[in-house]
Amino acid sequence: MVAAAIADPRSLAHARKVLTELRLKGQERLHFKSERDSRRREICSALMKLEVRVHVYNAATLTPKRGRPRCLEMLVADLAELQASRLVLEQDDSTMKADRRVLYEAVGKHGIREQLTYHHLRAKQEPMLWIPDAVAWCLAKGGEWPARVRPLVTKTVDVR
């Protein structure tokens with residue numbers, strides 16, 4: 001599953017400030033798998049107040065080696081349609097080289113090489129990465145959690 005937080009650039013400073021203020025003392029970042037349930041509920045409530053939406057690309061029927069590239073291809077297609085200017089992916093050294101290859105091809109295919117820049121950053125470097133982490137965790141966890149983030153999810157794509 002790939003989840004992407006989408007925000008107007010004018011709302012980024014406020015969103016980053018809110019997210020950063022949600023960190024507990026000593027935390028470099030919010031990471032849902034490491035939070036207590038009460039904190040998860042608090043964070044979900046705060047996310048609902050941000051001017052952000054999330055697109056989810058679910059490739060559960062595919063292997064990770066095939067699923068992630070397909071998710072990224074579909075994400076780039078959506079970003080082209082939205083006329084997005086910047087994509088930031090959470091840096092995972094094991095996928096970064098393959099990601100760059102997929103992104104280069106997809107950006108070229110959609111004719112947005114001059115429009116869309118893409119970067120890999122560590123989650124502690126970009127608070128906006130904490131949003132898709134939270135949403136993906138909630139959707140995968142089940143129980144009460146999907147309902148807590150469902151209002152943020154404006155697009156869900158089953159990737160095949």
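Predicted model: local features only at pLDDT ≥ 70, side-chain atom pairs only at ≥ 80, totals over all residues.
1. Residues are numbered from 1 along each chain as its sequence is written, and side-chain values use heavy atoms, with hydrogens and water left out.

2. Back to Asp-99, which is found in helix 4 (residues 96–109); helices (H or I, at least four residues) and strands (E, at least two) are DSSP runs, numbered from the N terminus. Asp-99 is buried, at a relative accessible area of 2%, where buried means under 20%, exposed over 50% and partly exposed in between (1.4 Å probe, protein chains only). Leaving aside neighbours within four places in sequence, Asp-99 is in contact (heavy atoms within 4.5 Å) with Arg-68, Leu-72, Leu-89 and His-120.

3. Next, the aromatic rings. The structure holds two aromatic pairs; rings of Phe, Tyr and Trp (its six-membered ring) pair if their centres lie within 6.5 Å, and planes under 30 degrees apart count as stacked, over 60 as edge-to-face and the rest as tilted. Phe-32 and Trp-137 form an edge-to-face pair, 5.6 Å centre to centre with 65° between the planes. Phe-32 lies in the loop between helix 1 (12–21) and helix 2 (37–48), while Trp-137 is in helix 5 (residues 130–141), so the pair ties together parts that are 105 residues apart in sequence.

4. Trp-137 also forms an edge-to-face pair with Trp-145, at 5.5 Å centre to centre and 75° between the planes. Phe-32 is buried at 1% relative accessibility, Trp-137 at 17% and Trp-145 at 6%.

5. Two arginines are worth a look too. Arg-148 lies over the face of Trp-145, at 5.7 Å from the ring centre, and Arg-113 lies over the face of Tyr-104, at 3.9 Å from the ring centre. The cut-off for a charge over a ring is NZ of Lys or CZ of Arg within 6 Å of the ring centre and within 35 degrees of the ring normal.
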